[in-house]
Amino acid sequence: MKTEKNRAEMIKEISGVNPLKCMKCGKCSASCPSYNEMDIKPHQFVSYVINEDIESLVNSKSLWKCLSCFACVERCPRDVKPGKLIDAARQIVVRERGNTYLDPDEIPELIDPDTPQQLLVSAFRRYRR
Amino acid sequence: MKYSYYPGCTLKNKAQDLDHYARISAEALGFELEEISEWQCCGGVYPLGTDEIATKLSSVRALNDAKEKGQDLVTLCSACHHVIKRVNDDMKNVDDIRTRANNYMALDEPYAGETKVLHYLEVLRDVIGFDELKKKVTNPLKGKKIGAYYGCLLLRPGKLMAFDDPENPKIMEDFIRALGAEPVIYPYRNECCGGYISLKEEDMSKEMCRKIEKSASGFGADMLITACPLCMYNLNKNNGDNLPVYYFTELLAEALGLKEEVEEQ
Amino acid sequence: MQRIGVFVCHCGTNIAGTVDVKKVVEMAAHEPGVVHAEDYAYMCSEAGQEKIHKAIKEKKLTGLVVCSCSPRMHETTFRNAAEKAGLNPYMVEIANIREHCSWIHKDMEEATEKAVILMRAAVAKVNLDAPLKPGESKVTKRALVIGGGIAGIQTALDIAEAGYPVDIVEKTPSIGGRMSQLDKTFPTLDCSSCILTPKMGEVNAHPLINIYTYSEVESVAGFVGDFTVEIRKKARSVDMNKCTGCGLCQEKCPSKKSLSEFNRGLSTRSAIYTPFAQAVPNVPVIDRDACIKFKTGKCGICSKVCQAGAIDYDQKDEIITEKYGAIVVATGFDMIKLDRYDEYAYSQSKDVITSLELERIMNAAGPTGGHLERLSDGKAPKEIVFIQCVGSRCADDRGKSYCSKICCMYTAKHAMLIRDKYPDTNVTVFYIDVRTPGKNFDEFYRRAVEDYGVNYIKGQVGKVIPQPNGKLLVQGADLIDSKQILKEADMVVLAAAIEPNEGVRKIATMLTASIDTNNFLTEAHAKLRPVESPTAGIFLSGVCQGPKDIPETVSQAGAAAVKAIGLLAKDKLLTNPCTAHSDELLCNGCSQCANVCPYGAITYEDKEVNDHGIRETRRIAVVNDALCQGCGACTVTCPSGAMDLQGFSNRQILAEVDAICR
């Protein structure tokens with residue numbers, strides 16, 4: 001089992017983000033289209049990584065609500081880009097065997113005749129190893 | 001003018017229209033799209049993890065193929081464009097990724113981001129020119145009020161995609177003007193439609209699409225155009241206001257007087 | 001052979017904490033020419049200088065090496081000490097074992113080794129030092145102030161009050177600057193023009209102040225005390241001496257569609273115009289790009305209506321050449337362009353404005369006559385949202401890295417004024433931090449909150465969304481209440497970052513004054529010489545040096561004036577004797593040195609030389625000592641090795657390199 005410190009370092013490494021650059025302006029949370037669906041808000045992701053509380057992050061609903069729409073990435077004035085931290089936390093989860101958010105068995109129920117290939121491919125990339 | 005062309009998997013299947021109309025219009029406009037042989041799926045999303053290499057290799061293969069032919073690489077699907085453009089940027093500017101990707105690929109000559117990646121719209125704007133396009137329009141779409149829906153992937157991150165102003169783009173509006181129609185500018189044109197999240201969180205996507213369509217029709221749009229099959233799917237599925245959504249290439253073909261030709265095929 | 005003394009300073013623990021000073025002393029004793037070596041806790045102190053004095057006298061020293069801090073800090077101190085003891089001050093060399101050594105090393109052994117090497121190099125140089133004597137240069141008792149805003153006005157007044165003539169060069173048609181565009185000023189809320197206009201009048205009337213408006217600095221030559229400046233007086237097309245300022249020409253001018261620069265493009269002006277009613281001088285200019293007469297040859301109405309016959313379509317740009325002893329830069333600021341921040345919809349909605357535009361809207365002489373109204377439909381706004389830090393405090397390349405400093409206070413001012421005049425209008429301010437250091441500043445901000453009910457929300461805005469009904473939906477974060485807010489507003493005001501005025505880099509280059517990556521001019525010392533440029537004779541006033549408000553600007557303007565007066569009060573200056581000289585026998589007159597000389601100090605003369613018995617006339621480089629600043633560019637360029645710099649001769653530099661490599 002990795003320590004919280006290890007996992008915080010891993011998130012920083014995978015994302016390439018230095019959370020200490022954050023000035024807590026909240027522009028990420030102001031931009032996020034999924035804000036209301038998230039339990040841990042985009043700006044809070046930064047302080048959770050700084051405080052090395054990764055357990056809360058990997059168990060958060062937010063991981064699966066982020067659209068990777070890059071609105072926070074585009075607008076972050078401090079080059080922190082919380083979207084990258086969220087994606088890194090998601091990577092930590094899906095890279096552990098068995099910890100996926102999408103099971104192939106679910107697919108038949110989720111799709112309809114118009115579902116584009118792009119949707120399935122993208123979802124598999126984000127939700128599974 | 002001949003380009004390497006990367007259609008991507010959706011354009012071979014659910015989004016065949018996007019592809020067909022693009023090819024036939026290209027021909028009429030005097031450029032040729034030569035499909036890359038044995039291309040592989042781009043993965044749909046750009047891997048944000050800086051430590052991922054394998055997921056970038058299919059893009060590198062396509063890019064290298066174009067390089068070997070000495071051609072620019074044209075894409076059409078927003079997702080493919082986003083992924084390939086960003087991977088190309090990595091290969092050009094990130095030493096570590098370039099080295100590791102080339103180790104996997106074992107090419108005759110290492111690939112270092114030499115290929116220029118162009119979205120079809122960029123070809124229209126930067127190579128053909130919207131003025132020239134306007135001259136070739138035989139069936140101007142007069143009276144149509146069209147909202148351009150950009151979504152996320154073409155525009156952001158603005159610095160890397162270098163496609164247009166990410167907060168106030170105008171390439172699609174200029175395109176609409178060139179076709180003889182009237183562009184409708186509305187603020188949600190660069191907001192997310194929900195993307196892949198619609199697979200498991202349908203309601204979220206529904207809410208987002210509703211906002212986009214309400215904003216567009218509020219400003220007077222009769223229809224939307226998009227370059228992304230997933231945006232098309234989400235918008236259509238959640239269409240509350242009966243605002244039809246078209247691929248931009250379909251309107252292009254229509255304005256060039258080629259639409260029937262395609263339908264006959 | 002020199003008799004050299006080496007003095008090693010501990011600088012408390014600054015040096016001694018990392019460098020083994022005893023070891024440096026011990027090693028010094030073995031160096032050629034060294035007859036004395038000692039260390040002391042603070043060499044720069046009275047007691048330390050006394051030690052130097054004593055050693056010079058007792059050991060009959062002919063040269064000194066002081067191993068201490070940077071020569072920028074104490075070279076003068078030690079040179080003066082040497083001179084007092086009867087030694088030529090240019091026989092002193094500093095080995096910088098603090099900034100270049102102890103402060104950047106952690107390991108004592110390594111630091112000591114480096115300190116010894118630096119000492120050795122300095123000893124090698126002193127061995128080849130020769131006594132030098134500074135020359136003298138005159139001081140032209142006239143100052144130039146570049147920029148006619150409040151900073152330039154205050155500096156000019158203070159210098160002139162001390163009895164020295166001053167010229168102000170201002171590139172727009174009137175002095176007054178940004179302050180003339182403001183409505184009220186914080187924290188006292190007095191009217192900006194009411195306090196500025198008298199100063200503008202005072203400058204205009206002062207017998208020792210001469211104002212060149214609609215003019216720009218064209219070139220600068222010379223050096224401290226003796227600058228020669230060319231000023232381009234742009235053709236005004238109006239005779240300053242004849243014009244009575246009646247304003248009839250502006251009234252009758254048929255070309256009225258140019259955007260008013262003074263009103264930030266929110267209103268139009270005529271082609272012949274004064275920027276604002278209280279302009280100084282009250283003489284219009286013709287904007288030749290907009291004037292029908294200049295564009296088509298037909299019109300000439302202004303000339304027909306002018307009773308004074310002041311209109312002169314044939315006027316040409318005029319170049320004025322003047323000498324100055326001191327130059328003060330007061331070029332001011334502008335707001336950044338907002339085209340890369342369109343998430344705030346500045347270019348998509350007329351009702352999204354900058355704070356400076358709001359100043360004009362609130363001003364009685366502004367585009368709306370002082371009525372607060374939406375520019376889209378003229379309606380009174382009932383909900384106004386202010387967004388702070390737009391383009392300030394950014395780590396990306398969209399904005400500026402610094403805090404613009406004035407926005408928190410002027411936003412509190414705007415919010416308060418609006419709530420006072422229009423009590424049924426709600427005001428919301430999205431902020432990251434509220435920064436109000438300054439006398440009565442925080443109290444001012446608290447009044448906005450407590451007495452005027454301004455709603456401050458901690459959080460930034462992500463997007464401003466124009467609505468089909470003309471309203472603006474503001475999507476922001478409330479970080480205290482953990483909410484994403486969607487607020488419908490009638491008007492949005494952006495506190496855009498400020499940046500140094502365009503063109504300041506060009507001026508800095510002409511002045512050889514250093515400038516930072518943000519285009520702020522650099523001060524000689526951030527704490528101890530904040531109003532002087534590192535380039536002698538150049539002084540800094542106002543925002544050209546860094547963001548500041550009006551009280552600070554006026555303080556700094558006074559400080560810059562005092563420094564300029566201190567210079568002008570001198571009758572002559574000592575010049576740096578470390579100048580370049582060319583060896584007649586080696587020089588082949590190739591002109592390469594003159595090409596690289598930034599000071600225009602090198603000319604050529606045909607001289608008769610005696611080269612090993614052969615007399616012939618050759619073209620030879622001659623250096624003007626008064627102009628040469630000793631930069632050494634010529635010495636490294638000279639292909640034949642004829643150019644050499646006194647005090648930094650080629651032999652000395654090589655001796656230092658040899659000592660380091662030994």
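Modeller: Residues are numbered from 1 along each chain as its sequence is written, with chains lettered from A and ligands numbered from 1 in the order in which they are written. Because the model is predicted, local features need pLDDT of at least 70 and side-chain atom pairs count only at pLDDT 80 or more, while totals for chains, interfaces and linings use all residues.

Biologist: Why does the radius of gyration of chain A agree with that of a compact globule?

Modeller: The radius is taken over C-alpha atoms, and the globule rule is 2.2 Å times the number of residues to the power 0.38. The C-alpha atoms of chain A fill a box of roughly 45 × 35 × 20 Å along the principal axes. For 129 residues a compact globule would come near 14 Å, so there is agreement with the value for chain A, 15 Å.

Biologist: Which secondary structure elements make up chain A, and how many are there?

Modeller: Helices (H or I, at least four residues) and strands (E, at least two) are DSSP runs, numbered from the N terminus. From that end, the elements of chain A run α-α-α-α-α-α-α-α. The count for chain A is therefore, by these DSSP runs, 8 helices and 0 strands.

Biologist: What percentage of chain C is buried?

Modeller: A residue is buried if 20 or more other C-beta atoms, placed from the backbone, lie within 10 Å of its own, exposed if 12 or fewer, and partly exposed in between. Chain C holds 17 helices and 34 strands, and its C-alpha atoms fill a box of roughly 90 × 65 × 40 Å along the principal axes. Of the 662 residues in chain C, the buried share is 46%.

Biologist: How far apart are the C-alpha centres of domain 2 and domain 5 of chain C?

Modeller: Domain bounds come from an automatic or database domain assignment. Domain 2 of chain C is built from 143-234 + 317-332 + 501-568, whereas domain 5 covers 580-646. Their C-alpha centres lie apart by 37 Å.
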